[in-house]
Amino acid sequence: MSLKNDFLSGIIKENPVLVLMIGLCPALAVSSTAVNGFGMGIAASFVLICSNIVIATVRKYVPDQIRIPIFIIIISTFVTITDYVMQAYNPALYKQLGVFVPLIVVNCIILGRAEAFAYKNGVLSSTLDGFGMGIGFALVITVIGAIRELIGNGTIFGKAVFNPEFQPALIMILPPGGFITIGILMAFLHYFQNKAKEK
Amino acid sequence: MDSSSLFGILIASLLINNILLIRFIALCSFFGVSNQMETSIGMGMAVIFVMMMASAVSWLIYYFLLVPFDLVYLRTASFILTIAALVQLEEMYLKKYVPTLYRAMGIYLPLITTNCAVLAVAFLNIDYNYNFLQSMVYTFGVSAGYTLAIILFAGIRERVALAPVPKALQGYPIAFFTASLMSLAFLGFKGLFGL
């Protein structure tokens, strides 16, 4: 039961972007299309899961005082791997994501989970926590990307959905659209939470 | 105008590609500390200070250490550790020798280690192939742009806090709407000087 909780809490109840308000920069910056958002979600999840596993494995040997630099080195190792793998196998996506690939290293989600979860829990729960948080992050960022791409460009994952007369609102794929989309998503979440509380 | 001239770099990084509103870097601190004018100013000043130092050091490390020894793949790890160490050093130095400055921005210094803007600028300086002087001007533009945006944003948020906002929009959602409108305004700088 608790293992299932470790996995599920990251997806909705403690969703990193919408509830914990961390990892915002990549969530907004690369979500102009669903494909970019999905790519970023996968990259960050990979780093998150691997670093959670490694940190949970070595946590007994890590002295308390210098744990942060050690976490950062572990995380940056996986970020470098992601960086080079993406550059080699998907240069188009790499070009789109740009500086945000190396910036995964300072993504608060990853260091936050290392500190708050993987350092205190076993390998299995940390792996599940990594998967849950990773899926939660990838889900939100893909949804934001899909909404912006749909309204701003009339496509989803590059496929046209409206008939040709549809006039896309370009503003949605420009920076202001990112802010407003996440604002509206959060407002909906608040609205439903308030409703649930009233009951 | 030539976009690689120093003035062009400054304007482009300060207004046209404002790091917070157009490039979406360092948003956590943008929403986190912008509740009050005073803290925003402190944070802005601390960012200018740390970013200038961090860019200078990481530029030197990249071109005099990593490139000659063919260690470019260590870029991410070495930059983040340099910045973390630098922030620690600066904090200790200020505490001992410039206590007034330390009191003004001391509490913001540790926060800056995880401020992605500092690391982002270090990477961008390398990605754009800037020479040392260009990268310093670029860094100044970026950090001044950060300060400008966060101070303006704090000013608006102080007013919004007193306004009657619908219940579901209170707190962060309305802040995002505000940021969206500001970002729209900054988009207006696009095309300035034909950059």
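## Contacts and fold of chain A

In chain A, 74% of the contacts with a separation of 6 or more join residues 24 or more positions apart, a contact being a pair of residues whose C-beta atoms, placed from the backbone, lie within 7 Å. This is a predicted model, in which local features need pLDDT of at least 70 and side-chain atom pairs count only at pLDDT 80 or more, whereas totals for chains, interfaces and linings use all residues. Residues are numbered from 1 along each chain as its sequence is written, while chains are lettered from A and ligands numbered from 1 in the order in which they are written.

Chain A holds eight helices and two strands, these being DSSP runs numbered from the N terminus, with helices as H or I of at least four residues and strands as E of at least two. Their order along the sequence is α-α-α-α-α-α-α-β-β-α. The radius of gyration of chain A, taken over C-alpha atoms, is 18 Å, close to the 16 Å that the globule rule gives for 199 residues, so chain A is as compact as a globular protein of that length; the rule is 2.2 Å times the number of residues to the power 0.38.

Helix 3 of chain A, with 25 residues, reaches 36 Å from its first C-alpha to its last, close to the 36 Å expected, where the expected span is 1.5 Å times one less than the number of residues.

## The contact between the chains

The contact takes 34 residues from chain B and 32 residues from chain A. Helix 9 of chain B gives the most to the side of chain B that touches chain A, with nine residues. The residues of that side divide into 27 nonpolar, four polar and three charged, where Ala, Val, Leu, Ile, Met, Phe, Trp, Tyr, Cys and Pro count as nonpolar, Asp, Glu, Lys and Arg as charged, and the others, Gly among them, as polar.

Terms used. Two residues are in contact if their C-beta atoms, placed from the backbone, lie within 7 Å.
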